[in-house]
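Open the model in your viewer and keep the sequence panel beside it.

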Amino acid sequence: MNKSFTLIFLLLLAGQLLISNYFHVTPYLLLTMLPTMILCIPSRYSTTVALFVAFATGFAVDFLTEGLAGLNISALVPVAFCRKWIIRLVFGEDLFSRGDDFSIKRYGLGKVAMAILLATSLFLFIYIAADGAGIRPLWFNTLRFFGSLIISFLLSLCVADLLTPDDRK
C-alpha cells in the first residue's frame, strides 16, 4: 500500500482505539470510523487483501479495547468482503477499469456519502446484532443503530477525505 495511506490508516486506527477506550458518552452511541477506513483501501488491492486488513484492524481494536473479543472482527470483515460491491454499486464499474480511487472532489459528496452510509450500516447492523445477542429490546437496538449511524457518518466524511486525497492537479 502507499506509504502515506498506510501512515494515515495507522493514525486513524490509533484514533479509533482512543475513541473506543475513552469516549463512551452513552450506550446508545457507537462511534466508529472503521468501515470507512476499510472502504477507502485503494481499489487496486484485491478483496483478499482488504479481508486481511479488516481482520487485523478488527483484531487490534478488539484486543486493545475493552469490548467483546471478536465483535469488531465479525462486523468489519463483511464490510471488506462487500467493499468492491459497494464501490461498483455507487461509483460504477468505470472506477475499477481505470484503476482510480474515489474521492469527494472527484465523485462528489453525494456518492461518497452513499458509499459510507452503506458500509457503516452493514458494520453497525452486524455489530449491534452481535453485541445485543438477542437480549436487548428492538427499540434500544434501533435507536442505537440510527444514533450511531448519524454520528459515525459525520466522522467518516472527514476520514474519507483524509484517506482518499484528490490527485488531480
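How many aromatic pairs does a search of the whole structure find? It finds eight. Keep in mind throughout that this is a predicted model.

**Stop 1: aromatic rings**

Select Phe 59 and Phe 63. Their rings form a stacked pair, 5.8 Å centre to centre, with 10 degrees between the planes. Both residues sit in helix α3, four residues apart, so about one helical turn separates them. Colour them by accessibility. Phe 59 is partly exposed, at 44% relative accessible area. Phe 63 counts as exposed, at 62%.

Ring pairs link Phe 55, Phe 59 and Phe 63 into a cluster.

Move on to Phe 145 and Phe 146. This aromatic pair is edge-to-face, with 85 degrees between the planes and 5.1 Å centre to centre. Phe 145 counts as buried, at 17% relative accessibility. Phe 146 counts as partly exposed, at 46%.

**Stop 2: α1 against α3**

Show residues 3–22 and residues 47–64 as cartoon: these are helices α1 and α3. Their axes come within 9 Å and cross at roughly 35 degrees. The crossing of α1 past α3 is right-handed.

Which residues make the contact? From α1, select Phe 9, Leu 13, Gln 16, Leu 17, Ser 20 and Asn 21. From α3, select Val 53, Thr 57, Ala 60, Val 61 and Leu 64. Colour this set by class. Seven residues are nonpolar, four are polar and none is charged.

**Stop 3: Pro 35**

Centre on Pro 35, in helix α2 (residues 34–39). Buried or exposed? Pro 35 is buried, with a relative accessible area of 1%.

Show its surroundings. Beyond neighbours within four places in sequence, Pro 35 is in contact with Leu 76, Val 79, Ala 119, Thr 120 and Phe 123. Then draw a distance from the C-alpha of Pro 35 to that of Leu 124. The two atoms are separated by 9.1 Å, although the residues are 89 apart along the chain.

**Stop 4: cysteines**

Finish by showing cysteine sulfurs. How many disulfides does a search of the whole structure find? It finds zero. For Cys 40, the nearest cysteine sulfur belongs to Cys 158, 12 Å away. A disulfide needs the two sulfurs within 2.5 Å. Cys 40 is buried, at 4% relative accessible area.

Last, select Cys 82. Cys 82 is in no disulfide either, and its nearest cysteine sulfur, that of Cys 40, is 16 Å away. Cys 82 is partly exposed, with a relative accessible area of 23%.

Definitions and conventions
Residues numbered from 1 in each chain as written. Predicted model: local features only at pLDDT ≥ 70, side-chain atom pairs only at ≥ 80, totals over all residues. Heavy atoms only, no water. Buried < 20%, exposed > 50% of the residue type's maximum accessible area, 1.4 Å probe, protein only. Axes fitted to C-alpha atoms, helices over the stretch in contact; angles between N-to-C directions. Helix = DSSP H or I, 4+ residues; strand = E, 2+ residues; numbered from the N terminus. Left-handed = near helix turned anticlockwise from the far one by under 90°. Contact = heavy atoms within 4.5 Å. Nonpolar A, V, L, I, M, F, W, Y, C, P; charged D, E, K, R; others polar. Phe/Tyr/Trp six-rings, centres within 6.5 Å; stacked < 30°, edge-to-face > 60°.
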